[in-house]
Amino acid sequence: TMWGRGYPRALSAHPSNPYTVYLGIDGDDGGGVFKSVDGGWHWARLKNQPGSLRMFYGLMVDPTDAKRIFWAACGEGGGVYRSEDAGESWKRVFDREEWVFNIHVDAQGTVYAPGKGLWASTDHGSTWKQLTRQGSDLHIVGLETDPENPARIWFSRVPWDASAGGGVY
């Protein structure tokens, strides 16, 4: 894996079957999406993988359709990948930013892709709308929506160059 060791960075569980769990491990060599069907006791690397295996926190099972999984990737080939068949195949559905550190799907199925800007898709990643401007050196890494009011969104931004800045918005 990247840097000679594995970095298990993301977990996402099936919305109605807690024994099915997906794990994202960062790394071009050995990283990718792994699946457990026994609650995490045993893991298997999925046969097919997204186009980029560099990731941070971006793995989520869609709460409206458990076969739909989203993977947010960073760097070359980064963006957002979607699987419609529980990880058997993947399609890149967002490439406007190559450093997407996280992914979020709210209870209504709206997909959020945070990078330097915040993007949203209401059709499972087929089309995207930009919600914030890019223009700064801060990246959005944390994201949550209000379950009672999906129009309310919180996100956190951080710099990657050790400078001060960032915050929760």
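I began with terms: two strands pair if DSSP finds at least two bridges between them. Strands (E, at least two residues) are DSSP runs, numbered from the N terminus.

This is a predicted model, where local features need pLDDT of at least 70, side-chain atom pairs count only at pLDDT 80 or more, and totals for chains, interfaces and linings use all residues. Residues are numbered from 1 along each chain as its sequence is written, and side-chain values use heavy atoms, with hydrogens and water left out.

**Entry 1: the sheet.** I looked up an open sheet of 4 strands, in the order β5-β6-β7-β8. Its pairing is antiparallel. I found β5 (59-61) and β8 (91-94) at the edges, each pairing on one side only. I then checked β7 (residues 79-83), which 3 bridges join to β8. Tyr81 has Arg92 in β8 as its bridge partner.

**Entry 2: salt bridges.** I used this rule: a side-chain nitrogen of Lys or Arg within 4 Å of a carboxyl oxygen of Asp or Glu. I noted 7 salt bridges.

Arg9 and Asp26 form one, at 3.1 Å from N to O. Arg9 lies in β1 and Asp26 in β2, so the pair ties together parts 17 residues apart in sequence.

For exposure, buried means under 20% relative accessible area, exposed over 50%, and partly exposed in between (1.4 Å probe, protein chains only). Asp26 is buried at 1%. Arg9 is partly exposed at 23%.

**Entry 3: a network.** Which residues are linked in a network of salt bridges? I listed Asp62, Asp65, Arg68, Arg82 and Glu84. Within this list, Glu84 and Arg68 have their closest N and O atoms 3.2 Å apart. Arg68 is buried at 8%, whereas Glu84 is partly exposed at 37%.
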